[in-house]
Amino acid sequence: MRTQTSGPAPQLPEKHYLNATYGIRSWLLTTDHKRIALLYLASVTFFFFIGGFFAMMIRLHLLTPNGYLLTPDQYNRMFTMHGVAMVFFFLIPSIPAVLGNFLIPLMVGAKDLAFPKINLLSWYIYVIGGLFTLWSMINGGLDTGWTFYTPFSTLYSNSAVAPAVVGVFITGFSSILTGLNFLVTVHTMRAPGMTWFRLPLFVWAHYATSIVMILGTPVIAITLGLAAMERVFGLGFFNPAMGGDPILFQHLFWFYSHPAVYIMILPAMGVISELIPTFARKRLFGYHFVAAASLAIAVIGFLVWTHHMFLTGQSTYAAVAFSFLTFIVAIPSAIKTFNWTATLFGGSIAFDTPMLYAFGFLGLFLVGGLTGLFLGALGVDINIHDTYFVVAHFHYIMVGGAVMGYLGGLHFWWPKITGRMYPEWLARIAAFILFIGFNFTFFPQFILGIMGMPRRYHTYPPEFQIYNVMSTAGASILAIGYLLPMVYLTWAAFYGKVAGDNPWPATGLEWKTQSPPLTENFEVTPVVTWEAYDFHNRPDLGLDVPSGKGSPGVVAPAHGDD
Amino acid sequence: MHRTGALYGQFKTLEQQKDTATLGMWIFLVTEVMFFGGIMLAYTINRHTYFHAFAMGSNTLSLGLGGFNTVVLLASSFTMAMAVWSSQTSKKGLITLFLSLTIFLGFVFFGVKYVEYAQKFHHHLVPGKNFDIFYCANNPTKCEDIDAADMAKEKEELEVAAKADPDLNAHAQLYYSAYFGMTGLHALHMVIGAGLLFWLLRESVAGKFNAEWNNPVDIVGLYWHFVDIVWIYLFPLLYLIDRHK
Amino acid sequence: MAEHEHTEHIVSPGTYLVIILTLLALTGITVFAAFVNLGRFNIVVALLIATVKATLVVLIFMHAKYAPERTKLVIIAGIFWLALLLFMTLSDYASRVDYRGVRYPMTQIISHTLGNRA
């Protein structure tokens, strides 16, 4: 086990951000990025439960071919609301709003983000959007699929489309403001000596994510706005009877929603880039390539959206172009995967829980990413589009990738956030349970997809039952894998062993301050003279790593920018 | 409540604070570009596909009012830029004057917009159940604000357009969806801008802006100019589609 | 940009006056041009003039000409992404054959090139 066991037991610092002020107002009106991160933690976890509930309903219903649990209309509502809750209210905010908000000022050496009040506003916007969507879920539900395709969503659906669409629209602004805050913070709030190429890759990943949030989210905002206008006022851009075009909706929708998946995965990749060097105790291999790859994913990710529309009557020319671009976007992800693996080579590897999640990420993201290429291949896609193959593909990336990254990050930074350590052995067991449960849930779905089981159907041919039962069984194991960390992390926040400043030890600037940090993060503004992940030139970490390699670094004259 | 010109806690210098706020506003404007971009795309595709209906729709708009509004908005950009200059040169009285002028011009724009919208409502040109591009042609007495010469021209245009496009009414509704969508969104942004300007006015009267600290005037100016730029595009796209008959 | 201590460049009222007069003139030209039958090029001329106007507003009224490099990058990124949205989506529409009976120019060029085998 990696954590330091020598020396006197660390004490919890007297003053920190959690006990600086008391009372509900000090939390609801806080502008401290760390408290806001915890506000987000509570709300995204709430929506995770909501989405998880709907997932449970789906899997229980699919235990039998002719579905005894739900009517077809109810089933449509289950998968729709599962998707909406998970995508917009859990996956997109999770790592940026919880870990990003907490860590980015610490990692760049600032007292807070560039716009702390806007940060708080973004949380309130998220909550208000969430309330609208919850209202929709309770009052009639939503049955259009999380993709809201027209004209069903605008003209024919009998569900509560308008409030849901308004809710997602509002929450989009939360995303935009978070991205704006991160971009400006990285540009103007870095501590002296923290040059661009000394930034942790977690920050690079969030910078790239923020670019996507800024450029993509407004497009879904206007799209959903137009869809709401159509439903309520009869506008008509997506209504064939008026000469409108449902395909236009799909173009506008996917222009955002494809880059949105990179909003979900880039932060997780950023977490992995922190975990692997720490637990291999080795500098990240190819820092510049990984940073560049993050930006490349963000940019190229905007060029591929039509691969969700291969079967809408596209011309061969457009299809070939987008298929080609889809293959290209896999390259930067592959570069990152190779670099992470190369970091492991020759490292001193420890299997603490965060590292287990990192390993899980590596394997599962690989499968998810590669199956994306299957879907990007035109001939193959004709057969597996809208089948469970797609469902399995995106769950491997979003759950096997993004959620693993999120959990790995939560465990890794829990000692910093709470000042206390989670129970390591219980955590490792939970990670294994999660991994096993995950694979039992989703691997059979690849097989179902190849066999032809369509997605979003409430019934299926009897010969598919064995795989559906396996998937549901896996889901119940997966649920345990999720519940365990929720319980022990909460327990550990109050009763865990006091962790000290840097229990791992890790090289980031956030580990040079107390755990939990002061409200203003650092007593004195740090001056950075070392490179990222430089285990060799950090005697303060107390490691017996041979020193000398690499230059100590030069202090740049001022904080801020380019 | 934070005092204008005071240094916020997370910043080291006033210069850093200014730099940060300005960058923040520019990035926000980029999000606005993408936001309007979506509806511009919808407009572009539908204009190309239903050119006759779009031309017809465009010609029912008053070029005079639209042109006037364009001049008003451009002038308001000028007065806004002058307000920024006044704050950069610490001319307190002039800041207040130019901000007031900008607000005034903004309200003139709203007034004209109201007149236009009211007219459209009256003529059954608002998308929805009652939309009817032929309403005024069929009921000239209900549309007395169109004079005889213009009414004759409109009837003629309608005939030609209806021949070219048998489904003219449905497609004209798409034009008006674009019209109300784009100008409505624009007007909403202007209302927000007006609110920001009122706040600036209050602060400037209280003497908060000078050569050392004028960042809020600057960044509200950026927002206001952006709103002007949107209209610079909306005017030809909506009012000048096919005027040369 | 190493430091943000650049002295603020103050644009003179004279410059602003020249710009506003130019903008008003261009507005006049755009209305005038709308009454001239240029066929397919009416929209091109209209958008070109609008872009010149927008450029003047961005460069002078919004001080982009005197802004740090980073601001210019942000502006260009915004325009580029808008262009991405518009052109890539239009490329799908343009390459569809017989899209509701309307043959887009691109489709005609393609099928002509391929001798109507497409």
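## Where chains A and B meet

Let's start with the contact between chains A and B, to which chain A brings 34 residues and chain B brings 31 residues. Two residues count as being in contact if their C-beta atoms, placed from the backbone, lie within 7 Å. On the side of chain A that touches chain B, α7 (161–188), α8 (201–233) and α9 (246–280) of chain A each provide at least two residues. The biggest giver there is α8(A), with 10 residues. The helix and strand names come from DSSP runs numbered from the N terminus: helices are H or I with at least four residues, and strands are E with at least two.

What kinds of residue make up the side of chain A that touches chain B? They split into 22 nonpolar, 9 polar and 3 charged. Here Ala, Val, Leu, Ile, Met, Phe, Trp, Tyr, Cys and Pro are nonpolar, Asp, Glu, Lys and Arg are charged, and the others, Gly among them, are polar.

## How to read this model

This is a predicted model, in which local features need pLDDT of at least 70, side-chain atom pairs count only at pLDDT 80 or more, and totals for chains, interfaces and linings use all residues. Residues are numbered from 1 along each chain as its sequence is written, while chains are lettered from A and ligands numbered from 1 in the order in which they are written.

Most residues other than glycine have a negative phi, and most peptide bonds are trans. With that in mind, look at the bond from A:T150 to A:P151, which is cis with omega near -5°. A:P151 sits in the loop between α5 (116–138) and α6 (152–156) of chain A. The bond from A:S515 to A:P516 is also cis, with omega near -10°, and A:P516 belongs to the segment after β2 (497–498) of chain A.

Two residues other than glycine have a positive phi: A:R281, near 45°, and C:H63, near 60°. A:R281 is in the loop between α9 and α10 (287–300) of chain A, and C:H63 is in the loop between α2 (41–61) and α3 (69–95) of chain C.

## Buried or exposed?

A residue is buried if 20 or more other C-beta atoms lie within 10 Å of its own, exposed if 12 or fewer, and partly exposed in between, with C-beta atoms placed from the backbone.

B:A206, in the loop between α7 (168–205) and α8 (215–239) of chain B, is exposed because it has 11. The C-alpha atoms of B:A206 and B:T96 are 9.9 Å apart, although 110 residues separate them along the chain.
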